[in-house]
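Subject: structure handover

Hi,

Here is the model I promised to pass on.

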Amino acid sequence: MRIDTIIENARITTVDPDRPHASRIGVWNGRIVGVDEELDGVTADTRIDLDGAPVVPGFNDAHFHFSMLGLEMTQLDLAPEQAPTLDALYARIEEYAATRPPGAWVRGQGYDQNKLGGEHPDIAVLDRIAGGRPVYLQHNSHHMAVANTQAFALAGHSDVTRLSAPVGGSLGTDATGRFTGLIQEQAMSLVAHLFRPVPQEDLVEALGAASQWALRHGITSATEPGIGGTTIGHGPADIRAFQTASERGVLRTRLTLMPYIDALHGLGPIGGGDGWGIDLGIRSGLGDEWLRVGPVKVLSDGSLIGRTAAMCCDYNDTPGNAGYLQWEQQDLHDKIVAAHVNGWQVAAHAIGDRALDVVLDAFEAGQRQVARANTRHRIEHVAVASDAQVARIAAGGHVPVPQGRFISELGDGFTAALGADRVELAYRMRSFVDAGVELPGSTDAPVVPGEPILSLHDMVNRRSASGAPIGLGEALTPARALRAYTHGSAYAVHEEQRKGTLSRGKVADLVVLSDDPAAVAAERIRDIEVRATMIGGEFGFDATGELAAS
């Protein structure tokens with residue numbers, strides 16, 4: 001028998017419990033055909049000797065704003081590394097604005113008030129430094145933004161003193177009641193509607209850029225958590241842009257796309273009931289191994305670091321504030337139940353513990369109305385969960401999607417928001433695994449950096465940027481963290497039969513590393529480098545340029 005490729009002399013971690021390790025792997029027509037002795041007597045067009053390098057399955061980020069990452073590559077970077085103080089942020093904006101044509105937008109992203117002394121940029125200062133240009137600065141959580149007077153005027157709000165926030169949103173004010181330009185949650189729509197729909201060619205280009213970035217960092221699959229909606233997504237033709245990018249060969253990452261809940265609508269009578277979904281009755285699962293429709297996404301609440309997530313009790317540092325839901329509670333409940341009844345897998349963003357109960361109640365109500373097996377409804381983030389809620393998630397067969405990377409990037413803000421006791425309930429992982437849950441791995445990039453290696457590090461070490469431990473009892477072993485980032489993320493979208501382990505019949509997606517995450521000291525995981533990424537049997541990235549046939 002002759003196949004395409006044999007990779008040999010490698011230290012392969014398969015994540016397959018029936019065959020955890022191997023030294024050889026064979027590939028034909030983009031799929032794995034065998035390992036080790038299964039390849040005896042098999043010849044190949046290409047043989048690659050990895051000289052003992054570690055190999056793992058391709059990383060799969062279960063919650064990755066893929067298109068947003070590409071688009072934000074063209075915007076002003078205001079992350080703390082670039083603008084560590086509010087004065088530095090203002091200086092960076094002023095310098096950038098001066099390079100823009102008169103009247104052009106000044107768009108920045110990535111600032112975090114938790115690292116700016118608790119202060120957001122202010123509308124008055126932005127008016128002064130922007131030279132008459134409209135300014136829109138997106139918070140790193142993507143749950144709030146700051147705009148200046150010119151931006152509001154272009155959006156049709158000539159008098160910012162008369163603004164009012166829609167349901168599920170709020171406006172920032174200072175101690176005197178003056179509007180500061182901060183728009184939170186649904187209030188972002190007061191300005192953000194101007195940026196949509198994103199032109200198709202811009203979106204295709206962004207997808208290509210994001211795909212190149214992903215391959216450099218070992219990501220072969222990802223789930224895009226929200227397209228086509230009015231709150232999340234770039235326009236009503238989002239899927240077309242993904243298809244175009246794939247057809248042109250610029251999209252080299254396998255993607256599962258989540259339509260946002262308000263892209264769904266009534267479809268008339270279907271199957272003896274009232275249909276509700278997207279046109280043609282399409283629902284979760286349509287597509288192929290490269291591009292497919294996944295769960296329907298719904299935001300139930302806001303952001304933990306922004307103090308807008310719906311909590312059971314007040315935030316530690318803002319007495320009187322327990323956050324809020326993004327919908328009227330009954331409306332949110334009805335939408336989740338309707339999605340379940342109409343056959344969708346549901347992915348509900350629920351950060352606060354109050355929001356989590358609302359979502360779980362809706363999942364259970366949907367099941368009572370129409371019993372479905374193996375739904376794997378997801379809870380995105382699960383930022384704060386009690387022991388009872390962990391047990392409830394496990395009993396329902398639901399999939400929690402927490403982000404390990406948030407611990408180091410945002411953890412000190414979590415401690416301030418929750419206090420020392422409740423922060424131990426933040427972004428739990430080990431508790432879910434111990435309860436029998438198949439945990440995925442994800443980053444929510446570009447909210448935080450999306451490199452899987454850094455995320456694995458945080459899932460194992462759980463230290464904030466200041467070095468403070470956060471929920472060390474929730475830390476995972478390196479092997480379990482790797483399973484989450486491969487098999488777990490595939491399971492989260494019903495794809496574990498085609499990817500997630502390096503075993504016969506699975507897609508030939510793998511990553512060559514500089515070291516084995518399970519073999520190095522835990523504190524050194526972050527130093528591991530991605531040397532090469534194979535997707536569909538072809539190397540889409542090779543850092544050394546030395547992977548050659550022999």
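The chain has 14 helices and 26 strands; these are DSSP runs (helices H or I with at least four residues, strands E with at least two), numbered from the N terminus. With a radius of gyration of 23 Å, close to the 24 Å that the globule rule gives for 550 residues, the chain is as compact as a globular protein of that length. That radius is taken over C-alpha atoms, and the rule is 2.2 Å times the number of residues to the power 0.38. The C-alpha trace spans about 80 × 60 × 45 Å along its principal axes. Of the 550 residues, 58% count as buried (under 20% relative accessible area; exposed is over 50% and partly exposed is in between, with a 1.4 Å probe and protein chains only).

Some housekeeping before you dig in. This is a predicted model, so local features need pLDDT of at least 70 and side-chain atom pairs count only at pLDDT 80 or more, while totals for chains, interfaces and linings use all residues. Residues are numbered from 1 along each chain as its sequence is written, and side-chain values use heavy atoms, with hydrogens and water left out.

Pockets and cavities

Grid points are joined across faces, edges and corners, and a volume is the space filled by probe spheres set on the points.

The largest pocket holds about 1200 Å³ of space. Its lining runs to 47 residues, and nearest the centre lie Arg107, Gln138, Phe195, Gly233 and His234. At least two lining residues each come from helix 1 (66–72), strand 11 (135–139), helix 5 (189–192), helix 6 (200–216) and strand 20 (296–299). Sorted by class, this lining has 18 nonpolar, 19 polar and ten charged residues (Ala, Val, Leu, Ile, Met, Phe, Trp, Tyr, Cys and Pro count as nonpolar, Asp, Glu, Lys and Arg as charged, and the others, Gly among them, as polar).

The second largest pocket comes to about 520 Å³. There, 23 residues form the lining, with Asp77, Ala79, Gln109, Pro446 and Pro449 closest to the centre. Helix 1, strand 10 (106–111) and helix 11 (405–422) each give two or more residues to this lining, which divides into eleven nonpolar, five polar and seven charged.

The largest cavity has a volume of about 110 Å³, and of its 14 lining residues Ser141, Ser303, Ile351, Phe406 and Asp444 are closest to the centre. Helix 11 makes the largest contribution to that lining, with three residues. Eight of the lining residues are nonpolar, five polar and one charged. The second largest cavity has a volume of about 80 Å³; its lining includes Pro57, Asn60, Thr220, Lys499 and Asp509, and it splits into two nonpolar, seven polar and two charged.

Strands

Strand 16 (residues 254–259) is worth a look: six of its six residues are buried, so it is largely enclosed by the rest of the structure. Arg254, Thr256 and Met258 are buried on one side, and Leu255, Leu257 and Pro259 on the other. Strand 16 runs parallel to strand 15 (residues 219–227), joined by five bridges (two strands pair if DSSP finds at least two bridges between them). Thr223 has Thr256 as its bridge partner in strand 16. Three bridges join strand 16 to strand 19 (residues 291–293), also in parallel, and Leu257 stands opposite Val293 there.

Elsewhere, six strands form an open sheet with mixed pairing, in the order 3-2-7-24-25-26. Strand 3 (21–22) and strand 26 (538–542) are the edges, each pairing on one side only.

At 12% relative accessibility, Val520 counts as buried.

Cheers

Definitions and conventions:
1 Å grid on protein atoms, 1.4 Å probe; cavity = no way out; pocket = protein on both sides within 12 Å on 5 of 7 lines; lining within 4 Å.
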